[in-house]
Amino acid sequence: MAASAAPDGGERSLLGNGVVGILAESINIWERRAPLAPSHCARLLLSGKGQSGVERIIVQPSTKRIFHDAQYEDVGCEVSDDLSECGLIIGIKQPKLEMIFPDRAYAFFSHTHKAQRENMPLLDKILAERVSLFDYELIVGDSGKRLLAFGKFAGRAGLIDFLHGLGQRYLNLGYSTPFLSLGASHMYSSLAAAKAAVIAVGEEIATLGLPSGISPLVFVFTGDGNVSQGAQEIFKLLPHTFVDAQELPEIVGLAKDHAQHSGSRRRVFQVYGCVVTCQDMVAPKDSTKTFNKADYYAHPDHYYPVFHEKIAPYASVIVNCMYWERRFPRLLTTFQLQELMKKGCPLVGVSDITCDIGGSLEFVNQTTLIERPFFRYDPFTDSYHDDMAGDGLICLAVDILPTEFPKEASQHFGDILSQFIGSLVSTTNIKELPSHLQKACITHNGSLTSLYEYIPRMRKTIIDLSPGPVNDSSGKKKYNILVSLSGHLFDQFLINEALDVIEAAGGSFHLVRCEVGQSAKSMSYSELEVGADDTVILDQIVDSLTSITNQSDQNGASSRQLSLKIGKVSESIMQDRSGLKRRPVVLILGAGRVCRPAVEFLTLLGSKSYENSTKSCLAIDNEEFEEFEVIVASLYEKDAKETIEGIPNATAIQLDAMDYGRLSEYVSQVHVVLSLLPPSFHATIAKACIEHKKHMVTASYVEATMSSLDERARTAGITILCEMGLDPGIDHMMAMKMINQAHIRGGKIKAFTSYCGGLPSPAAANNPLAYKFSWNPAGALRAGRNSATYKYLGEIVHVDGNELYDSAMRFRIPELPAFALECLPNRNSLLYGDLYHITNEASTIFRATLRYEGFSEIMACLARIGLFETENHPMLGGAQRPTFASFLNELLADKNSASTNTLGSTENEQEMIKRLIMLKYCNDDAAANRTVKTIKFLGLHESKEIPVACSSAFDVVCLRMEERLAYTNKEQDMVLLHHEVQIEFPDGRPTENHWATLLEFGKVEDGKATSAMALTVGIPAAIGVLLLLQNKIQSRGVVRPLEPEVYAPALDILEASGIKLIEKCQTS
C-alpha cells in the first residue's frame, strides 16, 4: 500500500524546487554527524539539476560539525542560517521546533511512528505546518532491510570505549593491562587512527601478555547483526581465538587449571571471543523439541532462558549487540546476576551497545554520556555508583555511539542517502516517489498518511499500568480483555487492521504497551486492553482479530507474520476495589497437576460442606469466614482455563512469571501468592512479594536464594512459607508433632526414620518396574543418581550416587503387610537432624524413598548398561539415525574384546540374559531376566529409528519411559509416607516406638483423574495460604512448617479434608 495525500490535500504537494537544506544538529552536544558530507554535496551539485535534481544546497553553519563550513563552501554549497528557501530540509536527529517551516519536506530520525509521548510535540508541529515528514528509520529495501543505519559504527565505538574503561577498571582491581593506554573513540581523529591504537594494544598483549589473574579474558557478543559485526571487527584486532558457546566451560576450566599450576606469574597472550545468538540464550520448555528460530520469534513463551546458566558464568565481558523486546526472555535479570556474582562469576563489565534500558540486561537502568560512559553496578548491595573502584561490574550504555566516529559515519550514511535526495527534492507529487520513499512518509499536507493513521488512536489510549491501586475507570467498558499482538505490526501495517476491527464492532481499546521492532527482521509487540459492554461483542472482536492472524495467500501459506494472545486485563480481575476486604484474593502461579486441588480447596471453603470442619480447626466463627477469589496464572492461558474449569470464584490469566513488571502488578493487587512453579522462579516471585508486602507460599525446598531473602521478608513484615507440600511439607509436620510431643513428655529421640514414595496403586503397578511417571521421567532418574548420607547407630554412612540403587533395602510396614516395598537412602538425612533439633540425641537419622521391591535391582542393571549416561553419544550425533535395537546392541557390545562382538538379535531374550551376566551388569539369571523384560517393555529392542531429539542414552531411556510408563486416565497412583520415632526416657520409663502413616490414593471422578501426589501437595499448600489469610501464622521471614502455629492447625485441616493419618504407639 502506498502512502497518499490526505483527502483534503488539494493541489498542494511537495515544493520540488531542487533546493536542499542541511540542518545544524542541536539535540546533543556530541552530535557532530552530518546527513551529507561535502563530497556528497559536490557530486549532487556537479551533476546539475537535470541529472541529480539538486540545484542548490544550503548548509546551516555549525562550529561543532565534523565537516567545517568552509569545506561545504568549497564544493559550491551556500552557508546560511536561513533555510526558508529549501524545499527539502535534512538532518540526523530531530530539529528544534522553530526550525520547522511550513509546506516543506523534512527527512531525519523522528522517532514518532511509535507514538512516543516525548516526541508528540514535534509531530504536532509538523502536522500544523503541513510538513511532509520522511523518517530514515522507515526507508527499507525490497528485502525489508533498513537502508539507512549506523549499526556497525555503534559496534565499533562501543567496543573501543569499553576497552578504554576496562583498562581503568582493571587498574582499580590491582592489574595493569595494555588497555590502559587506549583512549575513547572520540579521542581519535579517525576510525583508522582508533584501530591503529587497538592494534598497538594487541601487539603488547601478544608480546607481554595479560596477568593470569584476569584470564581467560572472554568476550561474549550477543547477536550477529551489524552492531555485533562492528564490535567484532575491533575485537579481531587483538590476538584472539573465537570459541563456540559449548566450549566455554572447557576454556575457562583449563585456564584455571593452568593458573593453579603455574602461579600468578603466568601471562596469557590472547583473548577469547564467543558469538551467541538466540539459540544459545534459550531452550524449548518441551524437552522433546529442539530450538527453532521461527517458532521462537512467533512463540517466545515456548522457551525459557539459559544464558545465565550456559554462557554468563564464563564471560568476562558481555558485549550486548542484539535487539530485544519484552516478550522475549531477558539475557540476564538483576537477580540472576546477583546469584552469578555470589558464585564467583568472572564478569567484569558490560558494553550494552543496544542501550536498551531495563531491557535484556535488567540491571542496566540508565544511559550514560560520552564524557562519562560508565557506571558501576554492585550486585552484592544492589546499588549504582559513578566510580571505577569497588565491588561489581562496570556498565557502558551510551545511546549515540556512532557520533564518536562522525566523519566515517557521515560518509557511510551519505553514500546511501544521496541516492534518494534527487527524488525527494525535485518531485512535486508524492505519488511519483519510489514506493520505499512513499512508505517512509509519515505526514503530508497536514495529515498523517494512511499507513500511519494509527498514531493518534494510540496516543489517545496510552495508559499507565504501573503497580498500585487501580485507577478510576469510569470510561471503561463492562467487559475487558487483554489482547497481545506480535508480528510485523507496523511495516506491514497490521496494527491499522486490528484497530479498525475493534472500533467497527463498537469496542474500545487502551494501549498498554507498544514496542516497535528496530529492523525488518524484528517483530513488534503491542498490548491492548479491549473493552465492550457485551460479551457477544467482545467475542466478535476476538474472532475478527483471530481471522486477521490466520489469513493465508492463494497457495494456502500464511501471508503475514502475526500472532495473537487473549487474556484478562488486570483491572477486570479485581472488579470493585471496595469489595477486596470482603473477598480476599489469592494468586496461584502455575497451572500444573497440583494446582486444581489447591484451587478447589480455597474456593470451596465458603461452601457449607467445607465450612464447619475447617472453621472448627481454625477456631473462627461464621462471620469471620470469607469466600476467596483465586486467580490462576499460567504461561499458557488455556492451561489455566482447563485447570479451573467448573470451579466457582476462580479466574484464569496468562502471565509470564519472568516478566517482572506484570508479575509485580498482579502481586500488588492480591493478598497471598502461592507459587507452584519450579524452584528457579521462587526468588523472583518472593522479591515481588517483599516489594508489595504480600505473603507467599511454596511447596518447594528452601534453597540458598530463598534463605538469603529471610531478613528482607522480616523487614517487610511478611511470611514466605516454604516446604508446604508432601515431601517436604506433611513429612515435616508429622515429624515435628511426634518429636515435640516426645520432648514435652521429657523424652529424647533415639532414632528417627522417615520413608516416602509416590507409587502406582497396586492395580496400576502393571509393568516390570512396578513404577510409573506422571511427568517427565528425567527428574526422577537424576534423583536416582544422587549421593546420600545418613546416621545409623551413631555411624555416618555415605552412599555414592553411582551405587544408590545397589544400596536399596527391603522394607515392610506391619500395618500394611500387603505392600512389598524397598527403600533407597534419600540425599542428606543429617540436615533433618538439625532442622528437627535432634542431632545431638538421635543415634539414627535416616530418610528414604520408597519403591516396590525389585525396582532398584533393575534400575542398577540399566545404569550399568549405560542407559542413564547424559553425555552425547557419537552414535546419536549423525544424520543417519540408529534404531533402538542397534543402539542397544552398541551399549551391550563387549568393550574389552578386540573383536566387534555384538549381541546379534535383540529379540532373543536368552542371548540378552547371557550377555548381561557375561558383562557383569546383572548378578544372576533372575535379575538379568527381569532387566530384559524391562528392556523389552520399554521398547529399547525395537527396530524403530531413534528421534533426532535424542542425543544421549539418557534422552533415549527418558523418551521410552515417558511413552511406556505413563498413567492412563483410569489408573490411580498412591502416596505412602511413614515415620518411625524411637523415644527414650531418662527417668526409666519404657522406650516407646511411635509410628505415623499416611496412605492416599488418587481419585477418578467423571473421567478425570486427580493424582494422590497432586492432592497431598496442593492441599497442604492451600492450607498454608488459608492460615496466612486468617492471620494464624505470626512468624515472619522465610519459614518452614516446623512450629506448632503452622503444623497443628494444618494437620487438623488435612484430616478434615479427608487426608487421614494413622498413628500408633508401642512400648518395648
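Helices (H or I, at least four residues) and strands (E, at least two) are DSSP runs, numbered from the N terminus. Welcome to a predicted model, in which local features need pLDDT of at least 70, side-chain atom pairs count only at pLDDT 80 or more, and totals for chains, interfaces and linings use all residues. Residues are numbered from 1 along each chain as its sequence is written, and side-chain values use heavy atoms, with hydrogens and water left out. Most residues other than glycine have a negative phi, and most peptide bonds are trans. Here are some places to look at in the backbone.

**Cis peptide bonds**

- Ser215 and Pro216 are joined by a cis peptide bond, with omega about 0°.
- You can find Pro216 in the loop that runs between strand E7 (210-211) and strand E8 (218-222).
- Asp727 is linked to Pro728 by a cis peptide bond too, and omega there is near 15°.
- Pro728 sits in the loop between strand E30 (719-721) and helix H26 (730-744).

**Positive phi values**

- Asp103, a residue other than glycine, has a positive phi near 60°.
- Look for Asp103 in the loop between strand E4 (88-93) and strand E5 (105-109).
- With a relative accessible area of 14%, Asp103 is buried (under 20% relative accessible area; exposed is over 50% and partly exposed in between, with a 1.4 Å probe and protein chains only).
- Arg130 is not glycine either, and its phi is positive, near 55°.
- The loop between helix H4 (120-128) and strand E6 (132-135) holds Arg130.
- Arg130 counts as partly exposed, at 32% relative accessibility.
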